[in-house]
Amino acid sequence: MNNFIFHVPTKVYFGKDEHKNLSEIMKSFGTNVLLVYGSGSIKKSGLYESVMAQLNEKNMYELANVAANPRLESVVEGVTLCRNNNIDVILAIGGGSVCDCSKAIAGATYFDGDAWDMIMDPISLNKAVPIVSITTLSGTGSEMNCTGVITNQEINDKRGFRHPLLFPVVSILDPTLTYTLPKNQTAAGCADILSHLFEIYFNRVEGAYVQEELCHSFMKTVFKYSPVVMDKPDDYEARSNLMWAATLTLNSLAGSGFAQGWSCHAMQHVLGAFYNNTHGVGLAILTPAWMRYILDETTVSRFVKYGVHVLGIDSNKEDFEIANEAIQMTQDFFVNVLEIPSTLHEVGIDDTRFEEMAKKAIQSKNGVIKGFKTLYEQDVVNIYNICK
Ligand code: NZQ
Ligand code: ZN
């Protein structure tokens with residue numbers, strides 16, 4: 001197991017109706033609140049009304065229409081609102097996009113330079129606006145980590161950034177708020193959790209038994225409860241287990257001590273920047289192709305472990321048979337259970353920009369994707385081609 005520092009300062013309120021404690025929670029912050037949200041799901045669900053009623057003694061400012069794959073323009077708009085109105089706290093209500101956009105705003109408000117420069121290099125941050133979040137889509141884990149991902153459409157770039165000051169101070173996780181999700185977003189969230197687990201689990205560090213078992217447990221949770229929520233969106237047991245698994249997967253608990261490559265995420269973020277596709281959908285298409293591409297004598301044992309411990313494949317079979325069966329079962333899960341297409345073509349992406357995108361994916365990782373298996377530019381093109 002590698003060395004690590006684990007420090008996660010986010011206070012979590014988890015469970016049914018926990019969002020009704022918002023007025024109490026917000027008492028410890030100042031009076032000027034920037035409410036950040038997306039394209040209107042919180043208005044349709046009635047959450048907006050409930051929040052405004054609870055915060056009627058605060059000065060409320062709003063940044064609406066934060067897009068899925070949140071854009072730099074929203075960050076800049078939010079920074080202006082924060083600076084002009086002495087915002088004391090940002091209240092982020094939505095999925096990963098709203099939370100990530102809020103993190104960028106929180107940091108860039110006090111950053112000496114423009115917002116994109118902060119995203120490219122946040123290391124010099126020394127102050128940020130505190131964030132309280134209410135999660136309405138579980139998957140990204142943004143509610144309990146200090147990472148954000150922002151798209152700069154002008155240059156077709158989507159970049160991740162992280163800084164310890166950007167952890168939400170409080171996150172409210174009420175699984176009932178995810179009941180209103182459309183089926184495709186529920187599916188994308190489940191695929192995203194699984195992809196995060198693969199990104200951290202498929203690596204070459206040995207001896208991290210605790211983390212491996214945590215990964216097995218969270219993977220089993222996704223496999224067990226995804227079919228339930230696809231069929232019955234208001235199943236509390238399923239929604240709550242998926243929500244907590246999503247949060248714990250990406251709050252460093254399962255990943256610390258591993259060497260993480262984030263290969264599929266590097267390839268997907270570029271698809272998001274160029275085609276604005278849904279994050280979890282792109283990952284579900286790329287992952288089986290990536291797995292097949294990197295499977296060899298040096299990687300097979302981890303696939304065997306995954307196949308036997310998570311998917312229940314007979315351990316007496318030959319290693320490559322187990323590995324291939326595990327990859328096929330994973331793809332079948334994405335396609336048959338989550339109802340996600342298996343090719344880029346089906347989501348409107350053709351091969352005309354594969355080379356350009358591969359270059360960007362590699363650039364975002366400083367020239368090479370050092371994952372479970374090292375990927376160079378041509379490897380990324382090859383993987384895109386397998387997915388077309
Ligand atoms: O905009 P609204 O109207 O709210 O609708 C959203 C949006 O259209 C809708 N939605 C959310 N909650 C809903 C709902 N609709 C009905 N009922 C609800 N309860 O769902 C759509 C997608 O929302 P979005 O926030 O974009 O999805 P997600 O949570 O999957 O976030 C994706 C973004 O997170 C980044 C991705 O790159 C992508 O930009 N990620 C962030 C990470 C992090 N911060 O650690 C890690 C991830 O790997 C990922 O990269
Ligand atoms: Zn993700």
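1. The count for this predicted model comes to 13 aromatic pairs. Phe202 and Trp290 make one of them.

2. Where do Phe202 and Trp290 lie? Phe202 is in the loop between helix H7 (183–201) and helix H8 (209–231). Trp290 belongs to helix H11 (residues 279–294). The pair therefore ties together parts 88 residues apart in sequence.

3. Both partners are buried: Phe202 has a relative accessibility of 2%, and Trp290 has a relative accessible area of 1%.

4. Phe303 and Phe372 form a tilted pair. The centres are 6.2 Å apart, with the planes at 45°. Phe303 sits in helix H12 (residues 300–309). Phe372 sits in the loop between strand S9 (369–370) and strand S10 (374–375). So this pair links parts that are 69 residues apart in sequence.

5. Buried or exposed? Phe303 is buried, at 0% relative accessibility. Phe372 is buried too, at 5%. The cut-off for buried is under 20% relative accessible area.

6. Which residues form the aromatic cluster? Phe198, Tyr201, Phe202, Trp290, Phe303, Tyr306 and Phe372 form one cluster.

7. Arg302 lies over the face of Tyr201, at 5.4 Å from the ring centre. Lys43 lies over the face of Tyr48, at 4.6 Å from the ring centre.

Conventions:
Residues numbered from 1 in each chain as written. Chains lettered and ligands numbered in written order. Predicted model: local features only at pLDDT ≥ 70, side-chain atom pairs only at ≥ 80, totals over all residues. Heavy atoms only, no water. Phe/Tyr/Trp six-rings, centres within 6.5 Å; stacked < 30°, edge-to-face > 60°. Helix = DSSP H or I, 4+ residues; strand = E, 2+ residues; numbered from the N terminus. Buried < 20%, exposed > 50% of the residue type's maximum accessible area, 1.4 Å probe, protein only. Lys NZ or Arg CZ within 6 Å of the ring centre and 35° of its normal.
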